Amino acid sequence: MQDFLHQLSHLISWKITLVGIALFLIRVVILTALENLNPAHVVEYRKVLPRDFLVALVFFFFVLPAADFLDRRIVYQPSLPEWISEWPLALRILLYLVLADFGHYWVHRWLHTPMLWPSHRWHHSPTYMYWLAGTRGSVIQQALVNIPYIVSAAFVEVAPWWLAWAILLKNVAQNDFMHINLWWGHRWLEWIIVTPRYHHIHHSVDPAHFRGNLAALFPVWDHLFGTFIDPDKVSRNLVFGTGESIAPIRLAIGI
Ligand SMILES: [Zn+2]
Ligand SMILES: [Zn+2]
(Lines give C-alpha, C1' and ligand atoms only; values in the text may rest on other atoms or scores of the structure.)
(Ligands and ions follow the chains in the order given, each with its own letter.)
Protein backbone atom coordinates (compact mmCIF):
# COMPACT_ATOMS: atom_id res chain seq x y z
CA MET A 1 0.00 0.00 0.00
CA GLN A 2 2.90 2.34 0.77
CA ASP A 3 4.15 1.71 -2.73
CA PHE A 4 0.77 2.77 -4.12
CA LEU A 5 0.71 5.95 -2.01
CA HIS A 6 4.24 6.74 -3.12
CA GLN A 7 3.23 6.46 -6.79
CA LEU A 8 0.18 8.60 -6.12
CA SER A 9 2.20 11.35 -4.45
CA HIS A 10 4.60 11.25 -7.41
CA LEU A 11 1.71 11.67 -9.85
CA ILE A 12 0.32 14.60 -7.91
CA SER A 13 3.58 16.53 -8.20
CA TRP A 14 2.84 20.13 -9.17
CA LYS A 15 4.79 19.96 -12.44
CA ILE A 16 2.73 17.10 -13.82
CA THR A 17 -0.49 18.66 -12.51
CA LEU A 18 0.27 21.97 -14.28
CA VAL A 19 1.16 20.21 -17.54
CA GLY A 20 -2.04 18.13 -17.19
CA ILE A 21 -4.25 21.22 -16.64
CA ALA A 22 -2.66 23.10 -19.57
CA LEU A 23 -3.05 20.08 -21.84
CA PHE A 24 -6.64 19.61 -20.76
CA LEU A 25 -7.55 23.26 -21.49
CA ILE A 26 -5.91 23.08 -24.92
CA ARG A 27 -7.95 19.94 -25.66
CA VAL A 28 -11.20 21.55 -24.49
CA VAL A 29 -10.72 24.56 -26.77
CA ILE A 30 -9.32 22.90 -29.89
CA LEU A 31 -11.23 19.61 -29.93
CA THR A 32 -14.62 21.07 -28.96
CA ALA A 33 -14.19 23.75 -31.67
CA LEU A 34 -13.28 21.05 -34.18
CA GLU A 35 -16.35 19.00 -33.26
CA ASN A 36 -18.58 22.05 -33.64
CA LEU A 37 -17.56 22.46 -37.28
CA ASN A 38 -19.40 19.31 -38.35
CA PRO A 39 -20.56 17.19 -35.39
CA ALA A 40 -21.55 13.58 -36.06
CA HIS A 41 -24.15 13.64 -33.26
CA VAL A 42 -25.80 16.14 -30.94
CA VAL A 43 -23.88 16.40 -27.64
CA GLU A 44 -24.90 18.54 -24.67
CA TYR A 45 -21.40 19.74 -23.80
CA ARG A 46 -22.49 21.81 -20.79
CA LYS A 47 -23.96 18.69 -19.23
CA VAL A 48 -21.35 16.10 -20.14
CA LEU A 49 -18.06 18.02 -19.98
CA PRO A 50 -18.04 18.77 -16.21
CA ARG A 51 -19.02 15.19 -15.42
CA ASP A 52 -16.42 13.69 -17.74
CA PHE A 53 -13.80 16.09 -16.39
CA LEU A 54 -14.40 14.51 -12.97
CA VAL A 55 -14.20 11.05 -14.53
CA ALA A 56 -10.88 12.04 -16.15
CA LEU A 57 -9.53 13.25 -12.77
CA VAL A 58 -10.48 9.99 -11.08
CA PHE A 59 -8.95 8.09 -13.98
CA PHE A 60 -5.66 9.99 -13.79
CA PHE A 61 -5.28 10.13 -10.02
CA PHE A 62 -6.77 6.81 -9.01
CA VAL A 63 -7.39 4.33 -11.86
CA LEU A 64 -3.97 4.70 -13.53
CA PRO A 65 -1.89 4.43 -10.33
CA ALA A 66 -4.04 1.54 -9.04
CA ALA A 67 -3.72 -0.34 -12.36
CA ASP A 68 0.03 0.32 -12.33
CA PHE A 69 0.19 -0.98 -8.75
CA LEU A 70 -1.50 -4.23 -9.83
CA ASP A 71 0.60 -4.60 -12.98
CA ARG A 72 3.84 -4.31 -11.03
CA ARG A 73 2.78 -7.44 -9.20
CA ILE A 74 1.54 -9.52 -12.11
CA VAL A 75 3.48 -8.52 -15.22
CA TYR A 76 6.97 -9.60 -16.06
CA GLN A 77 8.84 -7.33 -18.45
CA PRO A 78 11.34 -9.40 -20.46
CA SER A 79 14.84 -8.06 -20.86
CA LEU A 80 15.86 -8.31 -24.49
CA PRO A 81 19.41 -9.06 -25.70
CA GLU A 82 21.63 -6.02 -25.67
CA TRP A 83 22.13 -5.96 -29.46
CA ILE A 84 18.43 -5.20 -29.92
CA SER A 85 18.90 -1.90 -28.11
CA GLU A 86 21.36 -0.97 -30.86
CA TRP A 87 18.66 -1.16 -33.54
CA PRO A 88 17.50 2.24 -34.85
CA LEU A 89 15.10 3.93 -32.43
CA ALA A 90 12.42 4.35 -35.13
CA LEU A 91 12.39 0.58 -35.77
CA ARG A 92 12.16 -0.20 -32.05
CA ILE A 93 9.30 2.31 -31.61
CA LEU A 94 7.47 0.69 -34.54
CA LEU A 95 7.95 -2.80 -33.04
CA TYR A 96 6.72 -1.51 -29.67
CA LEU A 97 3.59 0.03 -31.27
CA VAL A 98 2.74 -3.00 -33.41
CA LEU A 99 3.26 -5.58 -30.65
CA ALA A 100 1.49 -3.52 -27.98
CA ASP A 101 -1.44 -2.83 -30.29
CA PHE A 102 -1.67 -6.51 -31.26
CA GLY A 103 -1.86 -7.38 -27.55
CA HIS A 104 -4.35 -4.57 -26.94
CA TYR A 105 -6.60 -6.03 -29.65
CA TRP A 106 -6.67 -9.45 -27.94
CA VAL A 107 -7.15 -7.99 -24.47
CA HIS A 108 -10.04 -5.91 -25.85
CA ARG A 109 -11.53 -9.03 -27.44
CA TRP A 110 -11.23 -10.78 -24.10
CA LEU A 111 -12.92 -7.82 -22.35
CA HIS A 112 -15.97 -8.50 -24.53
CA THR A 113 -16.39 -12.06 -23.19
CA PRO A 114 -19.05 -12.63 -20.49
CA MET A 115 -16.36 -13.11 -17.81
CA LEU A 116 -14.66 -9.73 -18.33
CA TRP A 117 -17.48 -7.64 -19.79
CA PRO A 118 -18.36 -6.20 -16.32
CA SER A 119 -14.88 -4.65 -16.14
CA HIS A 120 -15.25 -3.07 -19.60
CA ARG A 121 -18.86 -1.87 -19.76
CA TRP A 122 -17.94 1.36 -17.92
CA HIS A 123 -16.02 2.35 -21.05
CA HIS A 124 -19.09 1.59 -23.16
CA SER A 125 -21.59 3.28 -20.85
CA PRO A 126 -21.73 6.82 -22.41
CA THR A 127 -24.81 7.30 -24.55
CA TYR A 128 -23.01 10.05 -26.49
CA MET A 129 -19.71 10.22 -28.29
CA TYR A 130 -17.15 13.04 -28.19
CA TRP A 131 -13.44 13.42 -27.55
CA LEU A 132 -13.63 12.96 -23.75
CA ALA A 133 -16.15 10.10 -23.81
CA GLY A 134 -13.41 7.46 -23.90
CA THR A 135 -11.83 8.30 -20.54
CA ARG A 136 -13.92 5.78 -18.63
CA GLY A 137 -11.96 2.72 -17.64
CA SER A 138 -12.16 0.50 -14.57
CA VAL A 139 -9.02 -0.50 -12.68
CA ILE A 140 -9.32 -4.11 -13.88
CA GLN A 141 -9.74 -3.05 -17.51
CA GLN A 142 -6.79 -0.66 -17.31
CA ALA A 143 -4.52 -3.20 -15.56
CA LEU A 144 -5.26 -5.73 -18.34
CA VAL A 145 -4.89 -3.27 -21.22
CA ASN A 146 -1.53 -2.10 -19.79
CA ILE A 147 -0.02 -5.61 -19.95
CA PRO A 148 0.90 -5.72 -23.68
CA TYR A 149 2.30 -2.16 -23.45
CA ILE A 150 4.49 -3.05 -20.46
CA VAL A 151 5.80 -6.21 -22.13
CA SER A 152 6.44 -4.48 -25.48
CA ALA A 153 8.16 -1.54 -23.77
CA ALA A 154 11.22 -3.80 -23.54
CA PHE A 155 11.96 -2.63 -27.11
CA VAL A 156 12.21 0.99 -26.02
CA GLU A 157 13.90 0.38 -22.69
CA VAL A 158 16.96 2.21 -23.99
CA ALA A 159 15.59 5.49 -25.35
CA PRO A 160 15.90 9.26 -24.95
CA TRP A 161 14.04 10.92 -22.06
CA TRP A 162 11.38 12.46 -24.31
CA LEU A 163 10.04 9.13 -25.54
CA ALA A 164 8.01 8.47 -22.37
CA TRP A 165 6.35 11.89 -22.80
CA ALA A 166 5.77 11.25 -26.49
CA ILE A 167 4.09 7.91 -25.70
CA LEU A 168 1.91 9.54 -23.03
CA LEU A 169 0.83 12.28 -25.48
CA LYS A 170 0.23 9.71 -28.22
CA ASN A 171 -2.04 7.72 -25.88
CA VAL A 172 -4.06 10.82 -24.96
CA ALA A 173 -4.30 11.96 -28.61
CA GLN A 174 -5.23 8.46 -29.78
CA ASN A 175 -8.04 8.16 -27.24
CA ASP A 176 -9.36 11.67 -28.04
CA PHE A 177 -9.22 10.96 -31.78
CA MET A 178 -11.04 7.60 -31.59
CA HIS A 179 -13.97 9.12 -29.73
CA ILE A 180 -14.12 12.62 -31.26
CA ASN A 181 -17.61 13.65 -32.37
CA LEU A 182 -16.90 13.59 -36.10
CA TRP A 183 -18.06 10.98 -38.58
CA TRP A 184 -14.63 11.10 -40.08
CA GLY A 185 -12.68 8.42 -41.92
CA HIS A 186 -12.01 6.93 -45.31
CA ARG A 187 -11.79 3.33 -46.49
CA TRP A 188 -8.13 3.51 -47.53
CA LEU A 189 -7.17 5.24 -44.29
CA GLU A 190 -8.99 2.58 -42.30
CA TRP A 191 -6.46 0.03 -43.52
CA ILE A 192 -3.77 2.04 -41.73
CA ILE A 193 -5.30 3.66 -38.65
CA VAL A 194 -8.46 3.54 -36.54
CA THR A 195 -10.60 6.57 -37.38
CA PRO A 196 -13.39 8.17 -35.31
CA ARG A 197 -16.26 6.60 -37.29
CA TYR A 198 -14.46 3.24 -37.14
CA HIS A 199 -14.41 3.28 -33.33
CA HIS A 200 -17.87 4.88 -32.97
CA ILE A 201 -19.33 1.70 -34.50
CA HIS A 202 -17.71 -0.28 -31.68
CA HIS A 203 -19.63 1.87 -29.16
CA SER A 204 -22.99 1.28 -30.86
CA VAL A 205 -25.71 -0.36 -28.78
CA ASP A 206 -26.60 -2.62 -31.74
CA PRO A 207 -25.61 -6.25 -30.81
CA ALA A 208 -24.32 -6.69 -34.37
CA HIS A 209 -21.59 -4.13 -33.56
CA PHE A 210 -20.71 -5.42 -30.09
CA ARG A 211 -17.67 -7.46 -31.10
CA GLY A 212 -16.72 -5.43 -34.16
CA ASN A 213 -13.94 -2.93 -34.84
CA LEU A 214 -12.01 -3.83 -31.70
CA ALA A 215 -8.67 -2.43 -32.84
CA ALA A 216 -7.22 0.54 -30.97
CA LEU A 217 -4.64 1.86 -33.44
CA PHE A 218 -4.07 -0.53 -36.37
CA PRO A 219 -7.28 -1.85 -37.99
CA VAL A 220 -5.32 -4.68 -39.60
CA TRP A 221 -6.12 -6.92 -36.58
CA ASP A 222 -9.86 -6.61 -37.27
CA HIS A 223 -9.25 -7.49 -40.93
CA LEU A 224 -7.04 -10.46 -40.00
CA PHE A 225 -9.17 -11.91 -37.21
CA GLY A 226 -12.66 -11.41 -38.63
CA THR A 227 -13.98 -8.53 -36.52
CA PHE A 228 -13.95 -5.81 -39.18
CA ILE A 229 -17.18 -3.87 -39.78
CA ASP A 230 -16.99 -1.67 -42.84
CA PRO A 231 -17.88 1.92 -41.79
CA ASP A 232 -19.01 2.62 -45.36
CA LYS A 233 -21.83 0.10 -44.81
CA VAL A 234 -23.03 1.45 -41.44
CA SER A 235 -25.44 4.34 -40.99
CA ARG A 236 -23.96 7.25 -39.04
CA ASN A 237 -27.17 7.48 -36.97
CA LEU A 238 -25.83 5.23 -34.26
CA VAL A 239 -27.21 4.88 -30.74
CA PHE A 240 -24.45 4.55 -28.14
CA GLY A 241 -24.26 2.76 -24.80
CA THR A 242 -24.63 -0.73 -23.42
CA GLY A 243 -28.41 -1.01 -23.31
CA GLU A 244 -28.01 -2.33 -19.75
CA SER A 245 -29.08 -0.52 -16.61
CA ILE A 246 -26.40 -1.04 -13.98
CA ALA A 247 -25.75 1.11 -10.89
CA PRO A 248 -23.03 3.70 -11.74
CA ILE A 249 -20.85 2.60 -8.82
CA ARG A 250 -20.84 -1.00 -10.08
CA LEU A 251 -20.03 0.25 -13.57
CA ALA A 252 -17.08 2.31 -12.36
CA ILE A 253 -15.68 -0.46 -10.15
CA GLY A 254 -16.18 -2.98 -12.93
CA ILE A 255 -18.07 -5.72 -11.12
ZN1 LIG B 1 -15.03 -2.48 -26.20
ZN1 LIG C 1 -13.94 3.61 -26.91
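This is a predicted model: local features need pLDDT of at least 70, side-chain atom pairs count only at pLDDT 80 or more; totals for chains, interfaces and linings use all residues.
Residues are numbered from 1 along each chain as its sequence is written, and side-chain values use heavy atoms, with hydrogens and water left out. Local features need pLDDT of at least 70, and side-chain atom pairs count only at pLDDT 80 or more, whereas totals for chains, interfaces and linings use all residues.

Across the whole structure, a search finds 16 aromatic pairs; rings of Phe, Tyr and Trp (its six-membered ring) pair if their centres lie within 6.5 Å, and planes under 30 degrees apart count as stacked, over 60 as edge-to-face and the rest as tilted. One of these pairs joins F24 and F53, which is tilted because the centres are 4.7 Å apart and the planes stand at 45°. This pair links distant parts of the chain, with F24 in helix α2 (residues 14-37) and F53 in helix α3, 29 residues apart; helices are DSSP runs of H or I with at least four residues, numbered from the N terminus. F24 is buried at 13% relative accessibility, while F53 is partly exposed at 35%; buried means under 20% relative accessible area, exposed over 50%, and partly exposed in between (1.4 Å probe, protein chains only). Ring pairs also connect F24 and F53 with Y45, Y128, Y130 and W131 in a cluster.

Y105 and W106 form an edge-to-face pair, at 5.2 Å centre to centre and 90° between the planes. Y105 is buried at 0%, and W106 is partly exposed at 35%.

Arginine charges also meet rings: R73 lies over the face of F69, 3.9 Å from the ring centre, and R136 over that of W122, at 4.8 Å. The criterion is NZ of Lys or CZ of Arg within 6 Å of the ring centre and within 35 degrees of the ring normal.

Notes
Chains are lettered from A and ligands numbered from 1 in the order in which they are written. Helices (H or I, at least four residues) and strands (E, at least two) are DSSP runs, numbered from the N terminus.
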